[in-house]
Amino acid sequence: MRTRRTAAYAAPVLALALAATACGGGGDDGGEGDAPSLDDIAASDLNPQPREELEEGGIFIYGSSQPVSQYNMHHTDGNLGAVAEIIKAVMPSAFRFTDKGEAEPNPAYVESFEQNDEGTEMTFVLNKDAEWSNGEPITWEDYEQQWKTLSGQEDGDFGAPGEVYAYQSVEDIEEGENEYEFTVTFSEPFAEYGMLFENLYPKEVMEDADKFNEDYLDDIPITAGPFSFKEIDKKSDTTIVERNEDWWGEKALLDEIHFQPGDPEGQAQAFANGEIDAFYVGYTAATYETAASREDGHVTQAIDNGYRYIEMNADSPVLSDVDVRHAVMLGVDRSALAKLSLEGINWPSDPTANRLLRSSDPAFQDNSGDLGEQDQDRARELLDGAGWTLDGEDAKVRTNEDGEELEMRYFCPAGVKACESEAEVTKEMLGEIGIKVTTDSIPTEAFFNDHIYTGDFELASFVQVGTTPYVGESFENFTGPFDDKGEDWGNNNARTSTDEINEKFDQLRQTVDPEEYGKLANEIDALLWQNGQGIPFFQRTGTYGVADGLANVGAPGLQSSWYYEDIGWTELPQR
């Protein structure tokens, strides 16, 4: 099994929360009507305040999406949005990002960083004050071990072995003049350096399969962030972190952060009641309206690093033919799906969605071609050509020459009403071209683990979310297979790709010119349309409910995480 480097998350239940900077929106507009266009959506949206103007102390209760058991982000079971929200508060990352997606060294861990003009070598000088919570210094060996493990060099039964994008391009890591300096050499030019050394874990954990798999189960034993792990409240499955008094950087303003899981509707009501301080709202009208009803709160609005789409599993016999996948694409009305999901919130229902670039990127464009608009007549022609025909004038479901019905299962995570609505409308639209669709709601954990990751589905809708702004982060979502037998698709839940797509990602990885990089990203997105790899129907909404007095938290844009030490209250709440 391969590392799920950019996991697929159901929204809003498994949506990944990031962070950003900008002004918060008001909470009493009711969400009536579309925002003008994607061009008018801000790059980020939070209540930015200088640290010196904020109170010290207090608790931030964040409504997270689900309970967590595996806190190792590099383990397959731990690579979830809800885990990332926690780990970013307590573990190192060499780089952080602006809301425009620009990488910069994280000064808490990296004192200085340089990359040569050719993009083949990087040098790091680490912050000598940085240390793990067990008192051990964070040195070049921790970085080297992350490369070794995530590039598949270590033997053992790791929970997520295999080559991970970015690390596969590293040829060597060598110590510099001391243990706080090192040089990374690439086997080829590499442009996406900010993807490296994210969510760093201690060498002792990364080099030992047993520790890798087990040490961070229901525990975070070693940390190195502005916050430290305190406990898990088993009654509510809440993960609690507290200010790290040994932190060498800017002191965290908050005393504690509580990551309290719940379903979207429950979180919305808890937010409206003042029981939680922030949560990801998503785009269900009722959830949005409930969140917006809080008098001392607001709902943010900004670009988000993800998109919502229908995944099609090409490993299923009925979807193995690209013409059938194209027929499904042409059979649905993406605009109708977008409007359905976004009805009742102030967000543009424009179905323009690029799998690899967000609308705040200068290179963003629509690459759907003639596959992005509903054309049921052409869909019927494609199905006829693929051998799925309507046998008789009264027939409603297509069959092949063996008499098998063209039937597809559409799965949703339980409780995600947006998905359930999407499934019912898709069922109706595909029924018009002779495809029988059955729908079912699956418990959240089983939805991914038992169906999406294992390939036991035909159709499903969720959100693909990135943890960095880089296009290459999606490498494992769209390329493969990753073994000689053609069976290991890693994180590619569509289970299909082409040699050209694989080759374009290889070119992208080596492209240091920003203009050429954007051009290649659009070429890849166009190829994904042509290969029938999913049906994007809108860019994910950056809608978070946030208490008015909470600063430096909100919709993220392309920033990789909140700057947790800067989160604070303008006035401590009375609970």
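**Ground rules.** I'm looking at a predicted model, where local features need pLDDT of at least 70, side-chain atom pairs count only at pLDDT 80 or more, and totals for chains, interfaces and linings use all residues. Residues are numbered from 1 along each chain as its sequence is written, and side-chain values use heavy atoms, with hydrogens and water left out.

**Pockets.** I went for open spaces to begin with. On a 1 Å grid over the protein atoms alone, a pocket is an open set of points with protein on both sides within 12 Å along at least five of seven lines; a cavity is a set where a 1.4 Å probe fits but cannot get out; lining residues have an atom within 4 Å of a point. Points are joined across faces, edges and corners, and volume is the space filled by probe spheres set on them.

The largest pocket holds about 760 Å³. I found 36 lining residues, with Gly101, Asp361, Pro469, Tyr470 and Tyr517 nearest its centre. Helix α14 gives the largest share of that lining, 3 residues (helices, H or I, of at least four residues and strands, E, of at least two are DSSP runs numbered from the N terminus).

The second largest pocket comes to about 290 Å³. Helix α11 (residues 444–452) gives the most to its lining, 4 residues.

**Cavities.** I counted 6 cavities of 30 Å³ or more. The largest has a volume of about 200 Å³, and 16 residues line it, Trp562 being among those nearest its centre.

**Core.** Trp562 turned up again when I checked phenylalanine 60, which touches it as well as Leu254, Ile567 and Trp569, among others, not counting residues up to four places away in sequence (contact means heavy atoms within 4.5 Å). Phe60 is one of the residues touching the most other members of the largest nonpolar core, which has 164 residues. Such a core is a set of buried Ala, Val, Leu, Ile, Met, Phe, Trp, Tyr and Cys residues joined through side-chain atoms within 4.5 Å.

**Disulfide.** My search of the whole structure gave 1 disulfide (a pair of cysteine sulfur atoms within 2.5 Å). Cysteine 412 and cysteine 419 are the partners, S to S 2.1 Å. Their link is left-handed, with -80° about the S-S bond.

**Arginine 495.** Is arginine 495 buried or exposed? Arginine 495 counts as buried because its relative accessible area is 11% (buried is under 20%, exposed over 50%, partly exposed in between, with a 1.4 Å probe and protein chains only). I placed arginine 495 in the loop between α12 (475–478) and α13 (499–509).
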